[in-house]
Amino acid sequence: MSGEPRQLPLRICLVDMNNGHVNQAMRCLRGIVSTFFDRVRRHNPNVECVLGEVSPRDTQNPVPRDYDLYISTGGPGSPYDGDGMPWVTDYSGFLDHVADSAIRGGEEQSALFAICYSFEMVVRHFRLAAVVPRTERKFGVMPIYTTPEGQAHPLLRPFGDRLFAFEHRSWEAVDLDEPLLESLGGSLLARESRDGMSKGRAILGLDVTAGIESVQFHPEADRPGVMNWVSRPEQAAAFKAAYGELTYQAMLRTLDDPRRLARTYALVIPGWMARRFNMLAQFRGYVELPPPSESQADIFASPPIQDRPAQAASA
């Protein structure tokens, strides 16, 4: 028998937590994964790439356990809505499965990137913080402040002390149990305020434990999707009522600034996938991938798409 590592297919699963609602997030994530598969094939022409999807909240279907990488989305409603339902029990088991497989390592290890609603479910499952309703909805393109640990972590290292991302949430995680997080091998990566208080107390990014990284914001949001959302009269009026006309105009300028939303879209999830792919490479004989490119001119050249915007972005 040859001593060469055996090449397995690369399998990525999108866990759609939108509860059956039409949304922009799944479009964005399918595009991100498709682009990533193209990169994988350029460096590994013989590797089969497989994309799966599951929508637990509205179908009660279990999350399959035989994928390598999972991206679990945001979604509408309360993170407590499903308590007592089969999908919540299964999702909790899925989180433990990912962590256990990552601890074991090897060619069958898996990893999860959890977004917004899924972030809240992860925080609840591991009992890392209180997940509570906000006094008012937070929405729009917002600054995300990295901690010293976040600035050193590969997920957010490219951004220095701040990045910009789309947020749309009525819930937040606060009062982090730092000793518990440390015991899991995790760290706090990002928060709502530099000082943890002045602009809000929310926890926005966590390296939770082996195999699980999670953010409250939406790194999958692209310019067309956000423009589709912010240009709707009712959303524009709500944003201006909450934050003012000057902030609304500043947000529009942010969408055209390649150093802001575009970098988040280009680097966060693609960087996470490349890093996790490279962790598998040594066991599967893959050729490792270089870091993702920051060039996203195509995003800014794209007109806003005419599709119903993402309730997906809410959580």
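In which helix is Glu-182 found? Glu-182 sits in α6, the helix that covers residues 178–183. Before going further, please keep in mind that the model is predicted. Glu-182 has a relative accessible area of 61%, so it counts as exposed, the cut-off being over 50%.

Asp-68 is placed in the loop that runs between α2 (56–59) and β3 (69–72). Is Asp-68 buried or exposed? With a relative accessible area of 5%, Asp-68 is buried, because the limit for that class is under 20%. Its side chain has polar partners. One polar atom of the Asp-68 side chain lies 2.7 Å from the backbone nitrogen of Arg-11. The side chain of Asp-68 also makes a polar contact of 2.6 Å with the side chain of Arg-284.

Which side chain does Ser-72 contact? The partner is Tyr-91, and the polar contact between the two side chains spans 2.8 Å.

Now for the salt bridges. Side chains of opposite charge can pair when their charged atoms come close. Searching the whole structure turns up 23 salt bridges. One of them joins the side chains of Asp-222 and Arg-27, with an N to O distance of 3.0 Å. Asp-222 belongs to the loop between β9 (212–215) and α7 (223–230), while Arg-27 belongs to helix α1 (residues 25–43), so this pair ties together parts that lie 195 residues apart in sequence. The two partners can be described by their accessibility as well: Asp-222 is buried at 7%, whereas Arg-27 is partly exposed at 29%.

A second salt bridge connects the side chains of Arg-134 and Glu-192, at 3.3 Å from N to O. This pair, too, links distant parts of the chain, with Arg-134 in strand β5 (residues 130–146) and Glu-192 in the loop between β7 (187–191) and β8 (203–209), 58 residues apart. Glu-192 counts as buried, since its relative accessibility is 2%.

One more pair is worth a look on screen. The side chains of Lys-240 and Glu-245 meet in a salt bridge with an N to O distance of 3.3 Å. Lys-240 is partly exposed, with a relative accessible area of 32%, and Glu-245 is also partly exposed, at 39%.

Our last stop is helix α3, which covers residues 86–104 and includes Pro-86. With a relative accessible area of 56%, Pro-86 is exposed. How many Å separate the C-alpha atoms of Pro-86 and Ala-173? The separation is 24 Å, for two residues that are 87 residues apart along the chain.

Methods
Residues numbered from 1 in each chain as written. Predicted model: local features only at pLDDT ≥ 70, side-chain atom pairs only at ≥ 80, totals over all residues. Heavy atoms only, no water. Helix = DSSP H or I, 4+ residues; strand = E, 2+ residues; numbered from the N terminus. Buried < 20%, exposed > 50% of the residue type's maximum accessible area, 1.4 Å probe, protein only. Polar contact = N/O pair within 3.5 Å; in protein donor to acceptor, adjacent residues only side chain to side chain. Salt bridge = Lys/Arg side-chain N within 4 Å of Asp/Glu carboxyl O.
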